[in-house]
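Dear colleague,

Please find below the structure that I am handing over to you. My notes on it follow directly after.

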Amino acid sequence: MSAQSQSAKRMTPPDIRVRKGGEPLVCLTAYDAPMAALLDPHCDFLLVGDSVGMVVHGLPNTIGVTLDMMILHGQAVMRGSKQALVCVDMPFSSYERSKEQAFDNAARVLQETGCQAVKVESGVYVGDTIRYLAERAIPVVGHVGLRPQAALAEGGFKAKGRDEASRRRVLDEAIATDEAGAFAIVIEGVAEDLAAEITETVKAPTIGIGASAACDGQILVTQDMMGLFDWTPRFVKRYADLKSQMEAGVKAYGEEVRSRAFPGPDQVYKARKG
Ligand code: KIV
């Protein structure tokens, strides 16, 4: 099979777009190749989120994430995945200064990772940038509502749309993002009625996170839904309890090493063969 026909099997931006109002989009974050390989058969869309800064690098928020970090993780996720669309987040300060800056950095992400799309946190002011990118064949996903890159300015990660002015602002952000040509829009941290109104209003499929089931798809941070951390956002259902399992495994390993019961290769091989 040629490289071209192999890559043709991947989900594309038009494949995602036609899912508006149809079968819900299954989306998760991925930051490395083995995790991407595990998620890929079950997902339509893998996001190399700038949440990597907090989830993998131990940063307090996403502000310290750089374009080079996103490219490195994007390359790994592309190597691990085969069929999901891979979208890489544009980190803070890589697209806000000008449309030209956004184009240069987004093009670098596409060229150096081979991913299919980039995501920008799209306040109304980013509408012109999205249009500029989309008109120049850069597939863009928008991100409205709670925008983690605004955490410093807003004093934390705050849900949006709680009063009429905030509701109107989020709706305006979504409309501007849609009209500018984003092929999908992440909605984060808004109540169900607002998510439903946005989903009904915009042409692009909406992908919710902490934004109710009233969206065209859902995304979660994989480590959150797999229970790798003590704290997870209130809206996240845990589908596994990886932290307890890993703790038990590491404890058992430590005990075996310390008590000189650590199995040699022959023992492991026999035990594995059953
Ligand atoms: O960075 C990220 O992981 C995200 C998702 C949570 C939507 O933007």
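In this predicted model, a polar side-chain atom of Asp89 lies 3.1 Å from an oxygen atom of the ligand. Asp50 places a polar side-chain atom 3.0 Å from a ligand oxygen, and for Lys119 the corresponding distance is 2.9 Å. Taken alone, the ligand exposes 260 Å², of which the protein buries 95% (accessible areas by the Shrake-Rupley method with a 1.4 Å probe). The residues around the ligand, meaning those with a heavy atom within 4 Å of it, also include Thr29, Leu47, Gly49, Ser51, His143, Val186 and Ile209.

As to the source, this is a predicted model in which local features need pLDDT of at least 70 and side-chain atom pairs count only at pLDDT 80 or more, while totals for chains, interfaces and linings use all residues. Residues are numbered from 1 along each chain as its sequence is written, and side-chain values use heavy atoms, with hydrogens and water left out.

Turning to the helices (DSSP runs of H or I, at least four residues, numbered from the N terminus), the axes of H5 (residues 67–80) and H6 (residues 99–113) come within 9 Å and cross at roughly 30°. These axes are lines fitted to C-alpha atoms over the stretch in contact, with angles running from 0 to 180 degrees between N-to-C directions. The contact (heavy atoms within 4.5 Å) involves, among others, Leu67 and Ile71 of H5 and Arg108 and Val109 of H6.

Finally, Tyr125 touches Glu96 and Arg147, not counting residues up to four places away in sequence.

With kind regards

How values were computed:
Helix = DSSP H or I, 4+ residues; strand = E, 2+ residues; numbered from the N terminus. Polar contact = N/O pair within 3.5 Å; in protein donor to acceptor, adjacent residues only side chain to side chain.
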